[in-house]
Amino acid sequence: MSDLDTLYRELILDHSKHPQHFGLAAEEGASATSHQRNPVCGDEITLRARVATDGDTIRDVTWEGSGCSISQASASMLSDLMEGITRDEARTLIEGFREALRSRGQLELDEDVYGDAAALTGVSKFSARVKCAMLAWVALEDALVRA
C-alpha cells in the first residue's frame, strides 16, 4: 500500500469517527431534507440543505446517518465542501464526483476542488462500495431539487 493510500484511508477513518456537520439543523426558510438508504448494505443518510435568502447559495448542509465508514466519511466530507457555494457549483461537484466514482479508477478527484472528498477516489475500484460513497451526494442532489 502506498503512502498516499495510507493517508487517504486515515482521512476516511478520521471523518467517520469525527464527522463534520453531524446533526440536522433546524428546518427554516429555503431548506429541504432528503433521506436515502442503501438497501444492499443498510447505510442510511438524512441530509438537510439550507439555502440562503438569495435562493442560490447553499448556507449549510447537515446530516445524520448510520452505516459503514465510507458512507459516514463521505457525508462528512460533502458537508464541509458545500457550505457557501451556489446550487450550480454543487451540481457540478456532484456530477464530477459521480463520474469519478463510476470510472473504476480511471478518473481521480482533484484535491484542490474536492478537498478531503478526493480521498474517496479509490472507492471507484470497488463497485460494491460506490453506492456507500455516493449516498450523501445523492441525498444532496435530491434536497437541492426540493429546496
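Predicted model: local features only at pLDDT ≥ 70, side-chain atom pairs only at ≥ 80, totals over all residues.

Colleague: How many aromatic pairs does a search of the whole structure find?

Modeller: Four. Take F22 and W63, an edge-to-face pair. Their centres are 4.8 Å apart, with 90 degrees between the planes.

Colleague: Where do F22 and W63 sit in the chain?

Modeller: F22 is in the loop between α1 (3–17) and β1 (30–37). W63 is in strand β3 (residues 58–66). The pair links distant parts of the chain, 41 residues apart.

Colleague: Is W63 buried or exposed?

Modeller: The cut-off for buried is under 20% relative accessible area. W63 has 1%, so W63 is buried. F22, at 44%, counts as partly exposed.

Colleague: Why is the pair of F97 and W137 called stacked?

Modeller: Planes under 30 degrees apart count as stacked. Here the planes are at 5 degrees and the ring centres 3.8 Å apart, so the pair is stacked. F97 lies in helix α3 (residues 87–101) and W137 in helix α5 (residues 127–146), so the contact ties together parts 40 residues apart in sequence. Both F97 and W137 are buried. With Y114, they form one aromatic cluster.

Colleague: Now the surface. Which residues gather in a patch of negative charge?

Modeller: D14, D80, E83, D110, E111, D112 and D116. Look at D112, in helix α4 (residues 111–114).

Colleague: Why does D112 count as exposed?

Modeller: Exposed means over 50% relative accessible area. D112 has 77% relative accessibility, so D112 qualifies.

Notes: Residues numbered from 1 in each chain as written. Heavy atoms only, no water. Patch = residues over 30% accessible without salt bridge, like charges linked within 9 Å, V, L, I, M, F, W, Y side chains within 5 Å. Areas by Shrake-Rupley, 256 points an atom, 1.4 Å probe, with all protein chains shown as cover. Salt bridge = Lys/Arg side-chain N within 4 Å of Asp/Glu carboxyl O. Lys, Arg positive; Asp, Glu negative; His and termini not counted. Charge placed at Lys NZ, Arg CZ, Asp CG, Glu CD. Helix = DSSP H or I, 4+ residues; strand = E, 2+ residues; numbered from the N terminus. Buried < 20%, exposed > 50% of the residue type's maximum accessible area, 1.4 Å probe, protein only. Phe/Tyr/Trp six-rings, centres within 6.5 Å; stacked < 30°, edge-to-face > 60°.
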